[in-house]
Amino acid sequence: MRNAFPLLMLLLATASAEWICLIKNGRIQDSALPNLLVQGIVVKSLQHYTSSSMITVDSTTQNPLEEQALVRLVKASCSKHRNDADILVARNSKIRLSSSSSSSAWDLDRIDQRSLPLDQSFTLGNGVDGRGVTIYSVDTGILVGDPEFGGRASTLYSAFSSTVDDNGHGSATAALAMGVTYGAAKQARLVALKVLDHTGHGDVAGVVAGFQHVLDHLTLPAVMVLSWQLTEGYYNTVLNATIQQLVDRNVTVYASAGNNKKDGCETYPAAFNNVVSVGGTDENDRLSSFSNYGLCVDLYAPATNVTSLHGTRYSGTSFAAPRVAAIAATVLQQNPKLSSDELVTILTRDATVNAIKNLPSGSYNRLLYARPRAFGGSRLDTLQPSASLAFFLSPSPFCVVVFFFFLFFFFSSSATATGVLM
Ligand SMILES: [Ca+2]
């Protein structure tokens, strides 16, 4: 639950912008608040966690130059006797789901085999089911008592008055991760953070508050799924820093690449370097018609017409990310001591390469493979984008030699062929 501070609504803001300030490695004192109020900023909430605090403020500021002044003011009010690097300020961006909802489960069938056609089965190794691993779902909540979850689901935090999944999205994504019928890690535990309301909307303040609860009550080994995106396309410093806190504690974070049919580098949080961005495919191994792509998308998994809770079909990259997190959970089950980097390397190294048919140039052509070689633990080289575009954009001397050899061979062949025809 959010730990609400009594709201100090002393000024009404018009056309306001909401900001959040996260103080890491220390707790802000309530006495800092009057400094802000004097400056005409409305403090909406102050929340304390074991080793951090967060305040949310409203300001009428809209102009970029005034925003900078606001940032300085909030920092100054928070930073008394504190290390400046521990104080992070960002706009409280809005977030929304990365999906649109519309039972043969082609999606589960696809990921345990290297190529088509489907073999009508989904099989992992004996006893490989994610047992002992926690999947944190940061979504619309979860229907804790649904039989699909087998008593393995619970709720840690809600940004709203209710903890119930009143949208259905969180339960659908959770079922793909750890449901007994539709899940890839059928015995993993799931801990839900409800940060999106019944309409599928929320904000960064709710997410960051939820993350602080995870940090305070972390159960390892663990992975996390974020099946939503910021509605405003820009980088959010506080969100990125909080995700880094999780990664530093060995929680790998998987996010939907987004459904904008464009370069995934513009969609956050998936585009953050510390997050594994997951795009979508359909049952013919084509890129999902809605999926983002490009250098910032690390991996792809089934996302078009996937079957989840109660046999309902869904489409969206929202439904690809939980599958990758689930397979990560099964790898962690087999080797709980893997670092975040090692875990991500295993999933990308052993993904099925070059199976996706219509992926735009400059994308990593990697499809999730559910039976990666989990052992070894050493950091391995990751793949490069498979596209020829990337090959020519960064020419090594060897590439240049090969390129001119290719040109020579091509023109020689053309001349020969022309000669034959004549
Ligand atoms: Ca199969």
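Q120 sits in the loop that links helix 3 to strand 7 (helices are DSSP H or I runs of at least four residues, strands are E runs of at least two, and both are numbered from the N terminus). Its phi is positive, about 60°, although Q120 is not a glycine. Q120 is exposed, with 9 other C-beta atoms within 10 Å (the cut-offs are 20 or more for buried and 12 or fewer for exposed, with partly exposed in between, using C-beta atoms placed from the backbone).

A word on the model: it is predicted, local features need pLDDT of at least 70, side-chain atom pairs count only at pLDDT 80 or more, and totals for chains, interfaces and linings use all residues. Numbering starts from 1 along each chain as its sequence is written.

Most residues other than glycine have a negative phi, and most peptide bonds are trans. N250 also has a positive phi, near 75°. It lies in the loop between helix 6 and strand 13, and N250 is buried, with 20 other C-beta atoms within 10 Å. Then there are two cis peptide bonds. One runs from L116 to P117, with omega near 5°, and P117 is in the loop between helix 3 (106–110) and strand 7 (134–139). The other runs from Y268 to P269, with omega near 10°; P269 belongs to the loop between strand 13 (251–256) and strand 14 (276–281).

**The open sheet**

The protein chain has 10 helices and 19 strands. Four strands make an open sheet, ordered 2-3-1-4 with antiparallel pairing (strands pair if DSSP finds at least two bridges between them). Strand 2 (42–48) and strand 4 (87–91) are at the edges with a single partner strand each, so one side of each has no neighbour in the sheet. From one strand to the next, the twist averages 15°. Strand 2 and strand 3 (residues 52–59) are joined by six bridges, and V43 has V57 in strand 3 as its bridge partner.

Helix 5 (residues 204–216) packs on this sheet, touching strand 1 (17–24), strand 2 and strand 3, and its direction makes about 170° with that of strand 3. Contact here is C-beta atoms, placed from the backbone, within 7 Å. Helix 6 (residues 237–248) lies across strand 1 and strand 4, at about 130° to strand 4.

**Core and helix packing**

Buried residues account for 49% of the 422 residues in the protein chain. The largest nonpolar core has 117 residues, and I135, A177, Y254 and V324 touch the most other members (such a core is a set of buried Ala, Val, Leu, Ile, Met, Phe, Trp, Tyr and Cys residues joined through C-beta atoms within 7 Å). Helix 7 (residues 321–334) gives the most to this core, nine residues.

| Helix pair | Axes come within | Crossing angle |
|---|---|---|
| Helix 4 and helix 7 | 8 Å | roughly 35° |
| Helix 7 and helix 8 | 10 Å | roughly 115° |

On the helix 4 side, T173, L176, A177 and M178 meet P322, R323, A325 and A326 of helix 7. On the other, V324, I327, A328, V331 and L332 of helix 7 meet L343, I346 and L347 of helix 8.

L343, in helix 8 (residues 340–349), is buried, with 23 other C-beta atoms within 10 Å.

Technical notes
Axes fitted to C-alpha atoms, helices over the stretch in contact; angles between N-to-C directions. Contact = placed C-beta atoms within 7 Å.
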